[in-house]
There are 2 protein chains.
Amino acid sequence: MAEIVKGADVAAKLKENITERLAKLRSSGRDAKLTILSVGDDPANASYERGIIKVFTALDIPHEKVVLEAGCSQDEFDSAFTKINEDPTVTGILVFRPLPKPLSVEFAAKTIDPNKDIDCMGYYNQASTAMGSKDCFYPCTAEAVLKFLEYENVDLAFKNVVVIGRSTVVGRPLVSMLISRNATVTCCHTKTADITDRISNADIVVTAAGSRALLKGDMLKNAKKDCFCIDVGINMREDGQGICGDIEFESVEPLVGKITTVPGGVGSVTSTLLAEHVVRGAEMML
Amino acid sequence: MAEIVKGADVAAKLKENITERLAKLRSSGRDAKLTILSVGDDPANASYERGIIKVFTALDIPHEKVVLEAGCSQDEFDSAFTKINEDPTVTGILVFRPLPKPLSVEFAAKTIDPNKDIDCMGYYNQASTAMGSKDCFYPCTAEAVLKFLEYENVDLAFKNVVVIGRSTVVGRPLVSMLISRNATVTCCHTKTADITDRISNADIVVTAAGSRALLKGDMLKNAKKDCFCIDVGINMREDGQGICGDIEFESVEPLVGKITTVPGGVGSVTSTLLAEHVVRGAEMML
């Protein structure tokens with residue numbers, strides 16, 4: 001029986017820290033504020049947005065939303081972005097992406113204040129993540145994985161980590177972030193010959209492919225017995241009733257040391273990290 | 001007996017292509033030009049610079065050098081950089097790094113024209129490399145590894161590649177570039193528990209750690225028999241007579257399918273790639 005590492009516990013620890021820092025910030029007369037910028041109202045963002053609003057409300061962090069009309073021009077988008085970027089009361093900017101075509105995020109990615117770039121959309125933070133920085137803003141979902149490892153006091157030196165998935169928001173940055181923390185990392189994906197073989201001697205397996213039942217118990221036969229499996233995937237369940245991750249929980253759980261669930265795992269930490277970033281943004285605006 | 005893949009052959013193919021493109025460029029009244037910017041005259045750069053001048057002279061590509069005084073200010077450096085960056089005749093900029101302290105490369109990394117950023121010093125190209133772009137400028141040494149693979153027509157899908165080393169100029173970007181080309185990549189380094197184990201079933205091993213005799217024959221016992229070993233390392237030989245790579249050639253060569261040497265390998269392709277980038281920069285300035 002694996003220990004289930006709960007997102008709520010990881011998030012609770014983060015929230016405690018955020019509340020302390022926010023109090024300190026306010027005692028010096030400052031504050032944090034998130035601005036969400038979206039073009040049109042894409043229902044695909046609605047559930048993510050609800051999660052964010054819930055966390056920010058509970059933590060009492062100011063937040064606002066700027067919604068541009070669906071057919072707005074590139075100039076209109078860039079101007080709206082610049083206004084937010086230059087607003088000294090805004091300490092974190094979240095742009096819902098992808099933008100509707102033909103809008104490009106390029107100007108924003110180039111000009112965003114690195115200290116407000118809380119979801120790593122800008123070139124500076126993307127480059128810094130890739131180059132091994134430990135204090136830039138990482139993409140929240142990828143960073144959530146690190147928070148689970150920190151919560152369990154995992155020292156990554158001399159550990160083998162397999163990341164399944166190579167997306168630009170999770171897999172790729174996570175590979176870099178793990179290498180910076182001394183993990184020996186293997187990145188697997190749809191063009192990997194034999195994932196079971198690549199998992200041999202793995203201490204940690206992270207699934208971030210968005211593919212239901214991608215990781216099954218029999219694939220872990222050569223992994224370490226106390227292997228920690230972290231599930232970043234979000235998929236519709238086969239029966240259409242709610243969501244599930246990339247891990248086939250029933251077959252994997254009995255074989256590993258620690259595991260996260262979907263729902264109740266990585267996803268529940270992501271919005272809290274966004275809040276942590278908005279507060280950090282405020283701290284950096286000294 | 002392994003086949004030795006020679007840097008001179010890989011470079012010759014590239015040079016042929018560069019010459020053709022340069023002729024085309026000039027027939028339309030345009031030209032390429034490299035500007036090297038350095039602060040002081042660090043002898044550590046001398047050998048690299050000689051190699052560059054030799055290649056550019058042979059290919060008949062205009063090149064110039066701007067040398068600032070060793071004690072110049074940040075403003076002086078940034079102004080000199082901007083002048084080159086805005087010069088429409090310059091199609092590629094190479095800044096010798098690291099800059100002497102306390103100078104910072106930050107302004108240059110942020111403002112460099114992505115189309116002149118031929119050695120991937122700017123945030124845009126670093127982020128693009130990390131995010132999987134296939135048409136941005138990569139760091140030349142990391143890209144040289146790709147050129148050896150292309151020269152041998154290696155299809156990386158379903159191949160296991162082990163990169164030993166995690167530097168910001170070779171190991172890290174190379175991991176990302178290989179993932180983009182469908183390789184299954186493992187990155188090993190000084191905090192890896194058992195490199196021999198991580199190399200199991202490897203099709204390709206790239207050494208980029210800068211550590212003499214890092215890879216020895218007995219470490220390849222579980223690698224594939226036709227494994228391709230590419231040596232990016234540059235170290236002083238133990239006897240002080242010239243340079244050697246990270247691979248212990250005598251013990252590795254009999255056990256693998258293909259191998260590169262140092263000298264005569266990756267290093268001989270790097271300067272040619274710099275020339276290719278300067279020409280590409282000119283092509284992009286349409």
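Predicted model: local features only at pLDDT ≥ 70, side-chain atom pairs only at ≥ 80, totals over all residues.
Strand β6 (residues 184-188) of chain A pairs with β6(B) in the antiparallel sense, over 3 bridges; two strands count as paired if DSSP finds at least two bridges between them. In this pairing, Thr186(A) stands opposite Thr186(B).

Residues are numbered from 1 along each chain as its sequence is written, and chains are lettered from A and ligands numbered from 1 in the order in which they are written.

**How the two chains meet**

- On the interface, 28 residues of chain B are in contact with 28 residues of chain A, where contact asks that the C-beta atoms, placed from the backbone, lie within 7 Å.
- Four elements of chain B each supply at least two residues of the side that touches chain A: α5 (123-131), α7 (171-180), β6 (184-188) and α8 (195-198).
- The largest share of that side, 6 residues, comes from α5(B).
- Sorted by class, the side of chain B that touches chain A has 13 nonpolar, 10 polar and 5 charged residues. Here Ala, Val, Leu, Ile, Met, Phe, Trp, Tyr, Cys and Pro count as nonpolar, Asp, Glu, Lys and Arg as charged, and the others, Gly among them, as polar.
- The copies meet through the same surface, because 100% of the interface residues of chain B are also interface residues in chain A.

**How the copies are related**

- A rotation of 180 degrees, with 0.0 Å of shift along its axis, superposes chain B on chain A with an RMSD of 0.0 Å. The two copies are therefore related as by a two-fold rotation axis.
- The superposition is by least squares on the C-alpha atoms of residues with pLDDT of at least 70 in both copies.

**Chain A as a whole**

- Chain A has 10 helices and 11 strands.
- Its radius of gyration is 19 Å, close to the 19 Å that the globule rule gives for 286 residues, so chain A is as compact as a globular protein of that length. The radius is taken over C-alpha atoms, and the rule is 2.2 Å times the number of residues to the power 0.38.
- Of the 286 residues of chain A, 49% count as buried. A residue is buried if 20 or more other C-beta atoms lie within 10 Å of its own, exposed if 12 or fewer, and partly exposed in between, with C-beta atoms placed from the backbone.

**Strands inside each chain**

- In strand β2 (residues 34-39) of chain A, 5 of the 6 residues are buried, so β2(A) is largely enclosed by the rest of the structure.
- β2(A) pairs with strand β3 (residues 63-68) of chain A in the parallel sense over 6 bridges, and Ser38(A) stands opposite Val67(A) in β3(A).
- Chain B has an open sheet of 3 strands in the order β3-β2-β4, with parallel pairing. β3 (63-68) and β4 (92-95) of chain B stand at the edges, each with a single partner strand, so one side of each is left without a neighbour in the sheet.

**A closer look at Glu248(A)**

- Glu248(A) sits in the loop between β10 (243-244) and α9 (249-252) of chain A.
- With 17 other C-beta atoms within 10 Å, Glu248(A) is partly exposed.
- Glu248(A) and Lys216(A) are 32 residues apart in sequence and 5.3 Å apart in space, C-alpha to C-alpha.

Definitions and conventions. Contact = placed C-beta atoms within 7 Å.
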